[in-house]
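Please open the model in your viewer and keep the sequence panel beside it. The tour below goes from the whole chain to single residues, telling you at each stop what to select and what is there.

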Amino acid sequence: MPGGLRAPGRARRLTVFDLPLHVEVHGRPAGGGPSFVLLHGYGGSSFSWRTWLPSLAGRGHVVLVDMKGFGAAPKPNDGRYSPADQADLVYTLIRQRALRDVTLVGHSLGGGVALLTALRLLDEGAGRLSRMVILAGAAYRQRIPPVVRLAHWPKLCSLLQRLPGTRFMVRRVLRSIVHDPAT
């Protein structure tokens, strides 16, 4: 599995029809208990959930999603990476897999995607969405760090990443997103 992710039982990669997502399932088959759909934060991947996976896989059907452009998911140059675009893909995945009794779990960007997905699921009526868990979720308009805004220009972003090197860029992104200069 990518990143050394381990869980009870074997992981199965899902075939997602025409969706630019990387998806793995763990635990019980869909319909054999609750379904947990886990959505990572900006710059993350399904690897973020490695410590949660054993416990959740013992309780139900776990769907780990690498959202479009992250982790092992495809990275098409189509400019459709907004939280609303990601939510459309997650909603379609849930519908394609006929998941019921879904618990959406989202961290940071994944929290915002989970909220938008939940709105779509609630419009369907009862039975699909059971609960949500949001961890440090993006749920309101906020200042976007300059490094993140560069994602609007993929060619420029690619060039800027190559010039100073990956190590410099990772350090810069982490400082702009999570570093508190007061400490």
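**The whole chain**

Colour the chain by secondary structure, and you will find six helices and six strands, where helices (H or I, at least four residues) and strands (E, at least two) are DSSP runs numbered from the N terminus. This is a predicted model, in which local features need pLDDT of at least 70 and side-chain atom pairs count only at pLDDT 80 or more, while totals for chains, interfaces and linings use all residues. Residues are numbered from 1 along each chain as its sequence is written, and side-chain values use heavy atoms, with hydrogens and water left out.

Followed along the sequence, the elements come in the pattern β-β-β-α-β-α-β-α-β-α-α-α. Of the 183 residues in the chain, 37% are buried; buried means under 20% relative accessible area, exposed over 50%, and partly exposed in between, with a 1.4 Å probe and protein chains only. Among the contacts with a separation of 6 or more, 71% join residues 24 or more positions apart, a contact being heavy atoms within 4.5 Å.

Select S35, which lies in strand β3 (residues 35–39). Is S35 buried or exposed? S35 counts as buried, at 1% relative accessibility, and, leaving aside neighbours within four places in sequence, S35 is in contact with H61, L99, R100, D101, V102 and T103.

From that list, go to D101, found in the loop between α2 (83–96) and β5 (102–107), where phi is near 50 degrees, a positive value in a residue other than glycine. Most residues other than glycine have a negative phi. S108, in the loop between β5 and α3 (109–124), also has a positive phi, of about 55 degrees, although it is not a glycine.

Next select V133 in strand β6 (residues 129–135), a partly exposed residue with a relative accessible area of 31%. Not counting residues up to four places away in sequence, V133 touches T103, L104, V105 and G106.

**Salt bridges**

Five salt bridges are found in the whole structure, each defined as a side-chain nitrogen of Lys or Arg within 4 Å of a carboxyl oxygen of Asp or Glu. Because E124 lies in helix α3 and R95 in helix α2, the latter pair ties together parts that are 29 residues apart in sequence.

**Two surface patches**

Finally, switch to a surface view and select W153, L156, L159 and L163, which form a nonpolar patch with about 430 Å² of accessible area together. Patches are made of residues with over 30% relative accessible area and no salt bridge, like charges being joined within 9 Å and nonpolar side chains (Val, Leu, Ile, Met, Phe, Trp, Tyr) within 5 Å. W153 itself lies in the loop between α4 (146–149) and α5 (154–162).

Then select R167, R171, R172 and R175, which gather in a patch of positive charge on the surface. R167 lies in helix α6 (residues 166–177) and is exposed, with a relative accessible area of 67%.

Methods:
Accessible areas come from the Shrake-Rupley method with a 1.4 Å probe; for residues, only the protein chains shown count as cover. Lys and Arg count as positive and Asp and Glu as negative; His and the chain ends are not counted. The place of a charge is taken as NZ of Lys, CZ of Arg, CG of Asp or CD of Glu.
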